[in-house]
Each structure stands twice: as C-alpha cells, then as structure tokens.
Amino acid sequence: MEEKSLESLKDDKKKPKYAFQKKKTGVPSSSPSNEPPKNTVSQALTIEPCLSFEMLDDVAESLSHQNRVKTVASVHSNEMVDTRIVSVRKMTAENSEKQVMELRLKPLSPFHFEPGDSIGIIPCNVENEVSELCKLLGLSLHSRFRLKKLKEKKLDLYLRFLLERESLEVGDVFRTWLDIRSTPKKSLLRVLSQNCEDEAEKKELQDLCESIRYFNEIIQPGTTLSDLLKRFPSSKPTLSNVIEELPALTPRYYSLSSSPSSPYLSIIYTVILQPKPGLCSSFLSNLCTEFQDNQEGQDTILPVFLRSSPSFKLPKDTESNIIMIGAGTGVAPFMSFIQHRAESLSNSTEVPHSWLFFGCRREEEDFLYGDELVELAKKGSLSRLIPAFSRKESGSKTYVQHKLMEHKEEIWNIFFQDNAHLFICGDGFGMTKGVMEALAKILAEKSDVSYEEATEKVKELKKNGKISTDVWG
C-alpha cells in the first residue's frame, strides 16, 4: 500500500492507490481495470535506511490510544473528544448477507457539528496479529527501544513524533501507530530482500517487484508483512526497517446520523468479515462486546474527533428543495439532514420538497432506519420516501438510478426546473455513476439536447455545487 502521511489526511478525496486501478475507481484509464499493469523488469535497488534503533532497559513512555488520536486530530486542527458508548443496535436481520451496527455515543465534553459532518476514529491493530508480527521479527512485545535518525530526510509526522520519544515499547508502536495490515510497498520487498540470508529467497523477493507478480501475489490477495515473513523466513529486517517502511494507521471516517440537537452521536458501520476482517469494524465490534459484557457499570470510552465536510452541507436557505440519493450505510448523513430540517421548519407553513431515494438489497433484511424513515414520511418531515430493493424475489434488480427514471417528471421539475439541491452518498463507482447517467438521460430527454451535452451539463452542476457527493470505493 502506498504510504500516506498524516498531513495528507487533510485531503478528503480518495484517490486510486495504483495506476491500473484508475478505471475501476471511476478515473479514466487507458488500460482495462481487470488487467494487471504491463510487466516491467525489477531492479535490485539498495534501500538506504533513514532510521536506526537501540534497545533500552528503562521504562518506556506511554503511547496510549488516546495520545495517538490526539496527534492525528491535531493534523485536522481539531481536538480529540472522549465519548462513552451508550447503546449498540444491530440494524440488519439475522439472515442478512451484511451485518450493519449502530453505535450511539455520549460526548464527555462539548462537541458541535453540522449535518453532513463525520467523526474520525483511529483503530488499534488486532492483538494476536501484533503478537504474531513481533514473534516473526524475534521481538518481545514489552521490549523498549529508542529511534535515531541516520540522515537528513523529510519524515512523516508520525515518524517525527516517535523520534522525539526518549523510550518506546515495541507492542505500543505496532498496536497503535503502524498499519501492520497494509499492502507492502516495493521498497519494503527490497528491504526484506537485502536482509535475506538465503540467496533463493533474496532473488524471489526481488522478482516479486515485477509489476505483474506484484499485482497477482501482493496486491490482489492482500498480502501483509507477516505473510511475507512467513513465506521468506530467512529475511531478518531490523525494527527500524519495519517502522520506516510501514505506513501509519490512518483514521476511518463515519458520517453522523444524529441531529446536532441530540445529546448523542450516532454512527452506523458494516462489519467486514471477508476476505479478511475489517480493521476498524473489528476494533468497534470488540468495543461493543466490551460494552455489552460490562457488568460493573464501567464506561467504555471511544476517543473521536470531528471532520467537517465543507461541501456536503444542507443549503443555507432552509426553504430550498432537496433530493437525497443513497444506498446502504450512505443513508446515515441523510438521517441527520431530515431530522435537522424537521426541527428548523417546525413552525413553517410551507414545507419544501425533501425526497429520499434509498437503495438496499431486501426490505426485510437491510432497510436501514426503515421504521424511522417511514415515520418521518408520515409526519411530513420527508416529502417522499422511495426505496429501491435490488434483490427482490422476482429476480429483477432495481437500483436507485432506476427509481430516478421512474420519477423523471418530478426530478425534471424539482431539480432541473426548480433549482433543488441534490445529494449522493454511498458507493463512489457503481451507484454514483448510475445516478449521474440517469440525470443526464432525464436532462437529454426533457431539454432536447444530446446525451453527451446533457452529461457535460450534469458534470457542470456537480462542479457548481448543485450536486454534492460523499462517496467511497
């Protein structure tokens, strides 16, 4: 995985990690997305280390999880806030293919946000994976050390922070600071090769740097450093080699589904189990288990920080019409939108249009916040609730873009004619692409322009802020 510095976290946009992935993630590419890059001959480059270390006998400084989150929050000019877990709720049916959980948190200090904002959560690595990596490196979890800088080079913020510490503990660094699950970079493969005692393993690691093999054997299967150390047991990288080559653990962001007037912060997350358990979902699930198993009334604390969304915001004019389009957990910010709008317009005689197109697999399995949304629609807080179920018994798959086409007359009037704001949240490739294409079709049909011209006009609406997106993938 390409190393990502903490400074780069200020950029909210998700970019393709590899050039040959660009088409898959929605960025034009000259090569098919399902093919690996063209083969290139690897070079046995020598990697000069920037760091060294010395083992110590003294007591290590504490690198608590709270300290880690506090450091990352400072990059965003935000403060870390401790929250207490108040409740955990399963949002999907037992037979659902995906398990989605709602987590309700109580901030222990003032926390102000606007609808559309997210909270940042820094996970910890799984303990047995930390122990396994330490064993493979021949290190004790409780060994103490100090990092030293060998040469002048601009280092990432997390490395500069670790260099400033007088004493560190191996387990702390691997547990809370380094992404030990990250895809090894080619530079790490070369470092492992340089530290091989077996010549055949040395050559094999060099050959893995060739693009096709790197894609097939490293990127595609999600290979980790621990996997490589088990495959090439003669490689003995130093502790400083590993710290220098592994990227920092980065925050995971979750849209707030609660109203800013609520005393609680609510988020929803998908529990990822395949092909490997998700790092942050595992971290949150372990916290939820700790909360549910707690018989002594002790608080389960989760430190978070705010990430404000400058573009994914309700229009300042509260009487503006809005159209919300989301799928799966993409409904989260719209719950905040709807509740906040209902409160703001409680004394208004005329309520503006507020439409929600929501996509999921089956109504009885994963219609997230289904009961709450139906109730909001009955109260008039939501003008129209239009679900799209993609796994109906009939066999036909219905997605949100199909529902847009079914309501093209209203979309034309409310969005294109009456200047409504349109929001998209969810899958950044399939769903978003389908929605943008549906909007272009409606515009082309109603305004008598070509589909190509309509596509450019829809892109211009997005550029001008009439279409706002909060997407991933």
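Modeller: Rings of Phe, Tyr and Trp count as a pair if their centres lie within 6.5 Å. This is a predicted model. In it, one aromatic cluster is formed by Phe312, Phe334, Phe337 and Phe423.

Colleague: How many aromatic pairs does a search of the whole structure find?

Modeller: The search finds 13 aromatic pairs. Take Phe161 and Trp177. Their ring centres are 4.8 Å apart and their planes meet at 15°, so this pair is stacked. The partners come from distant parts of the chain, 16 residues apart. Phe161 belongs to helix H3, while Trp177 is in the loop between helix H4 and helix H5.

Colleague: How is a ring pair described in general?

Modeller: By two values: the distance of the centres and the angle of the planes.

Colleague: Are Phe161 and Trp177 buried or exposed?

Modeller: Phe161 is buried, at 18% relative accessible area, because the cut-off for buried is under 20%. Trp177 is buried as well, at 0%. Another stacked pair is Phe358 with Phe367, at 5.7 Å centre to centre and 20° between the planes. Both of these residues are buried.

Colleague: Which charged end sits over the ring of Phe161?

Modeller: That of Arg165, 4.1 Å from the ring centre. Elsewhere, Lys106 lies over the face of Tyr264, 5.7 Å from the centre of that ring.

Colleague: Now the salt bridges. How many are there?

Modeller: The count comes to 23 salt bridges. One of them joins the side chains of Arg361 and Glu97, at 3.0 Å from N to O. This pair links distant parts of the chain, 264 residues apart. Arg361 is in the loop between strand S11 and helix H12, and Glu97 is in the loop between strand S2 and strand S3.

Colleague: What else does Glu97 bridge to?

Modeller: Arg362, with the closest N and O atoms 3.8 Å apart. Glu97 and Arg362 are 265 residues apart. A network of salt bridges links Glu97, Arg361, Arg362 and Glu365.

Colleague: Is Glu97 buried or exposed?

Modeller: Glu97 is exposed, with 53% relative accessibility. Arg362 is partly exposed, at 22%.

Colleague: Which residue forms a salt bridge with Arg231?

Modeller: Glu204, with the closest N and O atoms 3.3 Å apart. Arg231 is in helix H8 and Glu204 in helix H6, so the bridge ties together parts 27 residues apart in sequence. Arg231 is partly exposed, with a relative accessible area of 37%. Glu204 also counts as partly exposed, at 24%.

Technical notes:
Residues numbered from 1 in each chain as written. Predicted model: local features only at pLDDT ≥ 70, side-chain atom pairs only at ≥ 80, totals over all residues. Heavy atoms only, no water. Salt bridge = Lys/Arg side-chain N within 4 Å of Asp/Glu carboxyl O. Helix = DSSP H or I, 4+ residues; strand = E, 2+ residues; numbered from the N terminus. Buried < 20%, exposed > 50% of the residue type's maximum accessible area, 1.4 Å probe, protein only. Phe/Tyr/Trp six-rings, centres within 6.5 Å; stacked < 30°, edge-to-face > 60°. Lys NZ or Arg CZ within 6 Å of the ring centre and 35° of its normal.
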